[in-house]
Amino acid sequence: MADIIKQLQSVLTAEAVLTEPGDLAAYATDAKIKGLPPLVVVLPTETAQVQAIVRLCAQHRLPVIPRGAGTGTVGGAVPEFRALVLDLSRMNRIRTIDRDELLADVQAGVLNADLQREAQQVGLFYPPDPASRATSTLGGNAATNAGGLRAVKYGVTADWVAALEVVTADGQVIHTGVRTRKGVVGYDLTRLFIGSEGTLGIITALTMRLMPLPPAKKTLLGLFATLADAGRAVMAIVRSPIVPAAMELLDSTTLRAVKSRTGDLLPDDIALVLLDVDGSEQEVEQQSAALRELLAAADALEVRVAADEVQADRLWLARRSVSPALYELRPHKYGEDVTVPIHHLVDLFDGVTALATKHRLPHACYGHAGDGNVHVNLLYDPADADEAARAKAARAEVFRLTLALGGTISGEHGVGIAKREFLPWEQSSAMIDLQKRLKRAFDPLGLLNPGKVFP
């Protein structure tokens, strides 16, 4: 190993090669899943360095685990055995923003919020908006095909990636995709790499599509007596001609968790539908009026409009803080990003409530209800062995329920370590075998993020 360290230091610098136990320990976990510390962590700043590192790892048969900011929740960037972690967070330059072609060329370690801010300064808009935008990287967003708060109108990361720069398992650099609006030459490898969780290649740079910044925006709230009522309101809005820029649902448990962040702004014994509309001033006024009518017709207890941008920001900040806030109610949780067809939202809510009651667990439901992507959280104390066992059993039943409703066990977080045992519940053996063959074709030595996704 000493020889490998010396070679890595020759590629980078001694400061960019981490070997101290304290440093390595930080890379043994992501936002939720714990694994093992890596043998070494490297922090490149250029694609050529990534190339050299990958070639060196191939020579020594050393697994490579690419990592962005470590905000994932399924262990996709967590080592389980002897491995090198390739931390791309220092590859954080926004190279160009092309206002004519509405494109941004960025390195993989650029934070989502940084691109949003830089684009906005020149009148442009990057819509994908995960709750972790302030800390998650664009490379990581692409590797998991992250969704976010605005996915209901603007789609997910894949819908905004024009092209990728990827280092392959043998250390070659390839460029996928096109800068033009259309292009159908060859296989769509861009889409294949997106969502592959670093198992097929290492994304080092991206060309992101942008759009003109909508000139106006308004935030609305619908307060409901029950989660089921809120779910029915969501379905009514989805069936209408109005497409909100964001449509989030929060149950009463969630609202109690974020009470310290909202103060007297919201009651905590209701369910909430939180919406944004954007566009021209006229469009925003028309859409917000139509949404107020829809919410009222769906038996909302009250419909409110955020008084100003400060109040709207406060509401959305509370929504972004839900996941960490739930730990204040219980020391641990299973937080699953299941997704069902919109017309089964209420069935999902009713089923989860029944499962939580059966297993005697507090639970919370919130998330991107506009596209059926609900974060089901089962709260428990790992120090209580019986409660932990009940939570584990309930989690599996949530997945069974989701699949029975025609849904998927992951709408945006990916599979990683945490969900790989459940992959055969959703996909056939033929599908899994085909994906494994793709993996072997792209990574014959099995060195790129091995063990992830497949059981």
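Helices (H or I, at least four residues) and strands (E, at least two) are DSSP runs, numbered from the N terminus.

The model is predicted: local features need pLDDT of at least 70, side-chain atom pairs count only at pLDDT 80 or more, and totals for chains, interfaces and linings use all residues. Residues are numbered from 1 along each chain as its sequence is written, and side-chain values use heavy atoms, with hydrogens and water left out.

The domain assignment divides the chain into domain 1 (2–87), domain 2 (94–212), domain 3 (214–324) and domain 4 (329–411); such bounds come from an automatic or database domain assignment. Taken over C-alpha atoms, the centres of domain 2 and domain 4 are separated by 30 Å.

In helix α4 (112–121), the buried residues are Asn112, Ala113, Leu115, Gln116 and Ala119. They span an arc of only 160° around the axis, which puts them on the same side of α4; the arc is that of the directions from the helix axis to the C-beta atoms. Buried means under 20% relative accessible area, exposed over 50%, and partly exposed in between (1.4 Å probe, protein chains only). An α-helix has 3.6 residues a turn, so residues three or four places apart point the same way. The packing partners of the buried residues of α4 are β5 (94–98), β6 (103–107), β7, α5 (138–144) and β10 (202–209). Ala119, in helix α4, is buried with a relative accessible area of 0%. Not counting residues up to four places away in sequence, Ala119 touches Ile97, Leu124, Phe125, Tyr126 and Leu210, where contact means heavy atoms within 4.5 Å. Ala119 and Gly370 are 251 residues apart along the chain, and their C-alpha atoms are separated by 26 Å.

The second largest pocket holds about 840 Å³ of space. It is lined by 32 residues, of which Gln120, Arg150, Lys217, Glu309 and Asp313 are the closest to its centre. On a 1 Å grid over the protein atoms alone, a cavity is a set of points where a 1.4 Å probe fits but cannot get out, and a pocket is an open set with protein on both sides within 12 Å along at least five of seven lines; lining residues have an atom within 4 Å of a point. Grid points are joined across faces, edges and corners, and a volume is the space filled by probe spheres set on the points. Two or more lining residues come from each of α4 (112–121), β7 (124–125), β12 (216–224), β14 (271–279) and α12 (309–320). The most are given by α12, with six residues. Domain 2 (94–212) and domain 3 (214–324) both contribute to the lining of the second largest pocket, so the pocket lies between them. By class, the lining has 17 nonpolar, three polar and twelve charged residues. Here Ala, Val, Leu, Ile, Met, Phe, Trp, Tyr, Cys and Pro count as nonpolar, Asp, Glu, Lys and Arg as charged, and the others, Gly among them, as polar.

The loop between α10 (259–262) and β14 contains Ile270. Ile270 counts as buried at 7% relative accessibility. With neighbours within four places in sequence left aside, Ile270 is in contact with Leu223, Phe224, Leu250, Asp251, Ser252, Leu255 and Leu301. The C-alpha atoms of Ile270 and Thr253, 17 residues apart along the chain, are 8.9 Å apart. Gly263 is also placed in the loop between α10 and β14, and at 24% relative accessibility Gly263 counts as partly exposed.

Strand β17 (residues 363–368) includes His368, which counts as buried at 4% relative accessibility. Residues up to four places away in sequence not being counted, His368 touches Gly148, Leu149, Met247, Glu248, Arg319, Asn373, His375 and Glu412.

Positive phi also occurs at residues that are not glycine: Arg61 has a value of about 55°, and Glu197 one of about 60°. Arg61 is in the loop between α3 (47–60) and β3 (64–67), whereas Glu197 is in the loop between α7 (189–193) and β10. Glu197 counts as buried, at 9% relative accessibility.
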